[in-house]
Amino acid sequence: MNQREKEEYLREYAVLKAQGKPFFPYIIVKDGVMMIVVIGTIMLLSLLLGGELTAKADATTTTYAPRPEWYYFWAFELLRVVKPPYLVGLATVGIPTISILLLILLPFYDRNPERHPLRRPIATTTGIFLIGAMFFLSYLGAEAGAPSRIELGPPPAIQEADQATQTKWDLGRKLVAQSSCGGCHKIGENGNDGPGPPLTEIGDRLKEGAIRETLINPTAPMPSFADLGADQIDKMAFFLSSLKSGGEDEGASATGAEGGGAESEGGSAPSKAP
Amino acid sequence: MAKLKLLPSLPVGLRAPTRPGDPVEKKGPIGHAQDAGIHAVDWVDERTSLSGTMRWVMFRPIPKGTNWFYTLGTATMVAFINQVITGIVLGMYYEPSATRAYESMKYINNEVFLGEFVHGMHRWGSTVMVVLIFLHMARTFFFGAYKYPRELNWVIGVVLLVLTMLMSVTGYLLPFDQRAYWASVVAMNIAGNAPIVGPFTPDIALGGPDVTTLTLSRFYLIHMMIIPGALIGLIGAHLYLVIKLGTTAPPWVRADKVSAGLKEHQE
Ligand code: HEM
């Protein structure tokens, strides 16, 4: 805005103000009504939904699948879209920093003196697009990728194998999902990225035997799964060792294994022994 | 020249104030008692000149066309005040330690009179505040209210938004239940991934590699002192600028071409 435009605006605004009404008592009535509506809504929500707590925090449970507040779903979904590990760090800081900077600086790069939303097509379209994108990402975040599920299809080697192998693979997949490895590991699209390393391509790094060893005798924060029994651990290790970078992972008949219902809210309910 | 009417007539029931030179009427003790309130206000006003500020705030002209969208800022403020009040009540019982936090929240829910109601109001009030702050921001965006001369108020607004989001992150851990604990672990892992500052975040925010009592007291301090203090100060600045600059008229409302008030100057 140049000096002329500024003065034009101030003049127009002075007239609009002169034609307006004093805040008290004409405008304050609306604000008062709004105040009552807001407090009423909060009280109603509190009465309906209460302040229930989940189980006490327990650093040793493996079955809890954490979710952020729903209004953060879009941000988490955005982070999940970023795949290559070397970009993740940049994205976690980069995306929020850039968005905040773009927001703060808005009045400085949008120098169009026009204020009517229909006569600022770029700003208005961008705004509507961003709101739409946030709703869409929130929806995706709410829908997909619960850490108690694994939505990977069998790699080609398994697809070609006999029926027994395929069943074993699928049982392993369900076991891994139910044991909430996803609470700490990212597996394909599902699971939380950390504290543990992603397992999507674990087969590249560890042989089946080594994985079995880790499940029984893990390093510090990870709990031992020894009490699942040798048979179950065999299946899990078999499934995990099949996850390789070359394999066509996502696709085919991926239906998604559901973890035991206890995970999502119930907290510490032990689902280790199916 | 037509007689100018300087003041609107007083509502029924109010007496016009006495002025110097008016005949002094004799008052009984009841009359004096009735005047006590006025005298007290007078006494304060004589030493602060607050009445001028009050007039500036309450009787400021609001441009024509102002509609319900303009109440969203007030609505956000009310949600914030709700958080402050319910937060103070919760703070009377809450203990920020890994061993006691969960129990104290349980105690609030189950034993304290209306405890779960207040806890619920704080929990859901945060959601309401986040929704309202986004709506308020969308309103100022689409109305072009961030343009000259209100750029600074937009900048303050964005800082308020960031602080509000940080409030919800730090508050999420405090009940120290499973949801709180694991969500914070994940949040810290994300922050720890960051380049440069990443490796230091857990040490600063958590007080060590894990979520412990130290983490709780740090989050508690951030959640109930540092950020609220900043929020209160910045909301004050935000509102000062709103009053100083005046609120916008909706962009589709135009001033009448030649208004009665301006005619005089053209003659
Ligand atoms: C704690 C949060 C906030 C509070 C309590 C608050 C409060 C208010 C109030 C009461 C007004 C008066 C007009 C109205 O209600 O629309 C206002 C105006 C304004 N706010 Fe906020 N606000 C907050 C956050 C924000 C945010 C996040 C932004 C934008 C990023 C923002 C930008 C503005 C602007 C530009 C105006 C001037 C609007 C006009 O003159 O039409 N505010 N705010």
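Biologist: Which helix gives the largest share of the nonpolar patch?

Modeller: Helix α3 (residues 72-91) of chain B does, with 4 residues. Keep in mind that this is a predicted model. The patch covers about 670 Å² and is made by B:I81, B:V84, B:I85, B:I88, B:M92, B:Y93 and B:Y107.

Biologist: Why is B:Y107 called partly exposed?

Modeller: Its relative accessible area is 43%. Buried means under 20% and exposed means over 50%, with partly exposed in between, so B:Y107 is partly exposed. That residue lies in helix α4 (residues 101-110) of chain B.

Biologist: Now to the metal. What makes the arrangement around the iron atom of the ligand octahedral?

Modeller: There are 6 donor atoms, and they subtend angles of 85 to 179°. Six donors count as octahedral if opposite ones are over 155 degrees apart and all others between 65 and 115, and therefore the arrangement is octahedral. The protein donors are B:H136 (NE2) and B:H238 (NE2), 2.0 to 2.1 Å from the iron atom. This pair links distant parts of the chain, 102 residues apart: B:H136 is in helix α5 (residues 115-142) and B:H238 in helix α9 (residues 213-245) of chain B.

Biologist: How do you know whether B:H136 is buried or exposed?

Modeller: Its relative accessibility is 18%. The cut-off for buried is under 20%, so B:H136 counts as buried. B:H238, at 14%, counts as buried too.

Biologist: And why does B:N153 count as buried?

Modeller: Because its relative accessibility is 9%, and buried means under 20%. B:N153 lies in helix α6 (residues 151-173) of chain B. Leaving aside neighbours within four places in sequence, B:N153 is in contact with B:H238, B:L241 and B:V242.

Notes
Residues are numbered from 1 along each chain as its sequence is written. Chains are lettered from A and ligands numbered from 1 in the order in which they are written. This is a predicted model: local features need pLDDT of at least 70, side-chain atom pairs count only at pLDDT 80 or more; totals for chains, interfaces and linings use all residues. Side-chain values use heavy atoms; hydrogens and water are left out. Helices (H or I, at least four residues) and strands (E, at least two) are DSSP runs, numbered from the N terminus. Buried means under 20% relative accessible area, exposed over 50%, partly exposed in between (1.4 Å probe, protein chains only). Contact means heavy atoms within 4.5 Å. Donors are N, O and S atoms within 2.8 Å of the metal (3.2 Å for Na, K and Ca); water is not among the atoms, so sites may look incomplete. Four donors count as tetrahedral if all angles lie between 85 and 135 degrees; four count as square planar and six as octahedral if opposite donors are over 155 degrees apart and all others between 65 and 115; anything else is irregular. Patches are made of residues with over 30% relative accessible area and no salt bridge: like charges are joined within 9 Å, nonpolar side chains (Val, Leu, Ile, Met, Phe, Trp, Tyr) within 5 Å. Accessible areas come from the Shrake-Rupley method with a 1.4 Å probe; for residues, only the protein chains shown count as cover. A salt bridge is a side-chain nitrogen of Lys or Arg within 4 Å of a carboxyl oxygen of Asp or Glu.
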